[in-house]
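This briefing is meant for a reader who is meeting the structure for the first time.

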Amino acid sequence: MVKKLFFILISIFLLSSFVVATSFANQIFFDDFQDGTADGWTPYPTSYASRWNTIDDGSGNIVYWADGRPGQDRFALNDFIPSTSNYRVSADVKIVRGESGSHHGVFGHASGVNDGYGFGIYDGDAWGTDDFIILFKLEAGVSTVIESSFYDDKLNDHQWYNIGMEFLGDTITCYIDDTRVLSVSGYSSLGNQFGVLTWGGGTYFDDVTVSPVPEPATILLVGVGLVGIAGARRKLKKK
Ligand SMILES: [Ca+2]
Ligand SMILES: [Ca+2]
Ligand SMILES: [Ca+2]
């Protein structure tokens, strides 16, 4: 009985440390800009590069700031290129100056800034329109809207949102504060690069994170493995 209890406790410990380890190992890129530099980031188009800077947001938190103008300050890509195309890129995003039609978010499955997918938010309050979210594809520099949906009146300037795009196979799923808001299939990767975007506005970015997304088959295999270990253990005990 004591032995059994011991085994259960050990199992719980091993399983929980496995879960913790995988959730840490999950992160393959993170930047909180607290070192006061945007090293590793390249703004495009380069003619607006001087408008991308790190800044203290007033609370000691250093953020990446795109001081945009209509039609300017579109992207900043990171040098780090994930080795897997199944990943989730997310960033904390705050609209500090909205412009009519401007959107602010993340970019991924990209190859440079002419090919890739962007997901952004728009706060329409100052312009007498509704808020919306937009998912678009850029191919050879030509932008196509995949989906643009009204997002009621849920978005505000000067508020942080976590904006995420998850790529798994040819499916793109978009998140706001971990709530799934859009999902489309049939859009294959154009590259593994990622970045942040602001389509003509002023934006703060922080805590940019990239994590690999395991394929459902991998999760299943781990599950089968755990069940298998439990089964083998039981068999050994019976002998
Ligand atoms: Ca920060
Ligand atoms: Ca830095
Ligand atoms: Ca709003």
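In this predicted model, Ala76 has Val196 as its bridge partner in strand β14, and the strand to which β14 is joined there, β5, pairs with β14 in the antiparallel sense over 3 bridges. On β2, Pro43 has Ala76 as its bridge partner in β5, and the pairing of β2 with β5 is likewise antiparallel, over 4 bridges.

- Phe75 stands opposite Leu197 in β14, the strand that runs over residues 193-198.
- Strand β2, which spans residues 41-44, is joined to β5 by 4 bridges.

**The sheet**
- β5 belongs to an open sheet of 7 strands with antiparallel pairing, in which the order is β2-β5-β14-β7-β8-β9-β10.
- Because β2 and β10 (142-150) stand at the edges and have a single partner strand each, one side of each is left without a neighbour in the sheet.
- On average, and with direction ignored, neighbouring strands of this sheet are turned by 20° against each other.

**The nonpolar core**
- The largest nonpolar core consists of 46 residues, and those with the most contacts inside it are Tyr64, Val106, Ile121, Ile163, Met165, Val196 and Phe205.
- Strand β9, residues 132-139, gives the most to this core, contributing 5 residues.
- Once neighbours within four places in sequence are set aside, Val106 is in contact with Val89, Ser90, Ala91, Phe119, Ile163, Gly164, Met165, Val196 and Leu197.

**The chain as a whole**
- The protein chain contains 2 helices and 15 strands, and of its 239 residues 33% count as buried.
- Among contacts in the protein chain with a separation of 6 or more, 66% are made by residues 24 or more positions apart.

**Confidence**
- The average pLDDT of the protein chain is 88, and 82% of the residues score at least 70.
- Over residues 17-21 the pLDDT stays under 50, and the model has 0 contacts beyond four places in sequence for this stretch.
- Where pLDDT is low, the predicted coordinates should not be read in detail.

Key
Residues numbered from 1 in each chain as written. Chains lettered and ligands numbered in written order. Predicted model: local features only at pLDDT ≥ 70, side-chain atom pairs only at ≥ 80, totals over all residues. Pairing = 2+ DSSP bridges. Axes fitted to C-alpha atoms, helices over the stretch in contact; angles between N-to-C directions. Buried ≥ 20, exposed ≤ 12 C-beta atoms within 10 Å, placed from the backbone. Contact = placed C-beta atoms within 7 Å. pLDDT = per-residue confidence, 0-100. Core = buried A, V, L, I, M, F, W, Y, C linked by C-beta atoms within 7 Å.
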